[in-house]
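Please keep the structure open as you read.

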Amino acid sequence: SYFEYRDLGIADATNGEFTAHVIRAKEGHNATGQWHVHDCTFQMYYVLKGWARFEYEGQGVRTVKPGDCVLQPPGIRHREIEHSADLELIEIVSPANFGSTDTD
């Protein structure tokens, strides 16, 4: 609810094996800090602008900034704590129709 996504057309090009999108922070919206997991086999993101602070279970809090590339382990429990108003990143995930589950 606090990000907008621009699909890059990779899902169609890979028959649903991968998806790629640009994620941008929505003006006036903040992270909820909700712990969750993604049901995927591959997930990575590359920060283009701004910064974000994530907490990964068993790994602690990490702040990412422009130029950072993160390979997020499949199924790791995590949450976004906060982000800058100008955050923009590219995310690639497999499969394209992955789901997310809130946890507590």
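Let us begin with Tyr45, which is buried at a relative accessible area of 4%; buried here means under 20% relative accessible area, exposed over 50% and partly exposed in between, with a 1.4 Å probe and protein chains only. The model is predicted, so local features need pLDDT of at least 70 and side-chain atom pairs count only at pLDDT 80 or more, while totals for chains, interfaces and linings use all residues. Residues are numbered from 1 along each chain as its sequence is written, and side-chain values use heavy atoms, with hydrogens and water left out.

**Aromatic residues**

The whole structure holds 3 aromatic pairs. In one of them, Tyr45 and Phe54 have ring centres 5.7 Å apart and planes at 45 degrees, so this pair is tilted. For such pairs, rings of Phe, Tyr and Trp (its six-membered ring) must have centres within 6.5 Å; planes under 30 degrees apart are stacked, over 60 edge-to-face, and the rest tilted. Tyr45, Phe54 and Tyr56 make up one aromatic cluster.

| Residue | Relative accessible area |
|---|---|
| Phe54 | 10% |
| His36 | 15% |
| Val93 | 0% |

His36 sits in strand E3 (residues 36-39); strands (E, at least two residues) are DSSP runs, numbered from the N terminus. A polar atom of the His36 side chain lies 3.0 Å from the backbone oxygen of Gln34. The side chains of His36 and His38 are joined by a polar contact of 3.4 Å, that is, a pair of N or O atoms within 3.5 Å, one able to donate a hydrogen and the other to accept it. Leaving aside residues up to four places away in sequence, His36 touches residues including Ile76, His78 and Asp102, where contact means heavy atoms within 4.5 Å.

Which residues lie nearest the centre of the largest pocket? They are Tyr2, Phe3, Tyr5, His36 and His38, out of 20 lining residues. On a 1 Å grid, a pocket is an open set of points where a 1.4 Å probe fits, with protein on both sides within 12 Å along at least five of seven lines, and lining residues have an atom within 4 Å of a point. The volume of the largest pocket is about 470 Å³.

**Val93**

Val93 belongs to strand E9. Not counting residues up to four places away in sequence, Val93 touches Glu17, Phe18, Thr19, Cys40, Phe42, Gln43 and Phe98.

Note on methods. Helices (H or I, at least four residues) and strands (E, at least two) are DSSP runs, numbered from the N terminus. Grid points are joined across faces, edges and corners, and a volume is the space filled by probe spheres set on the points.
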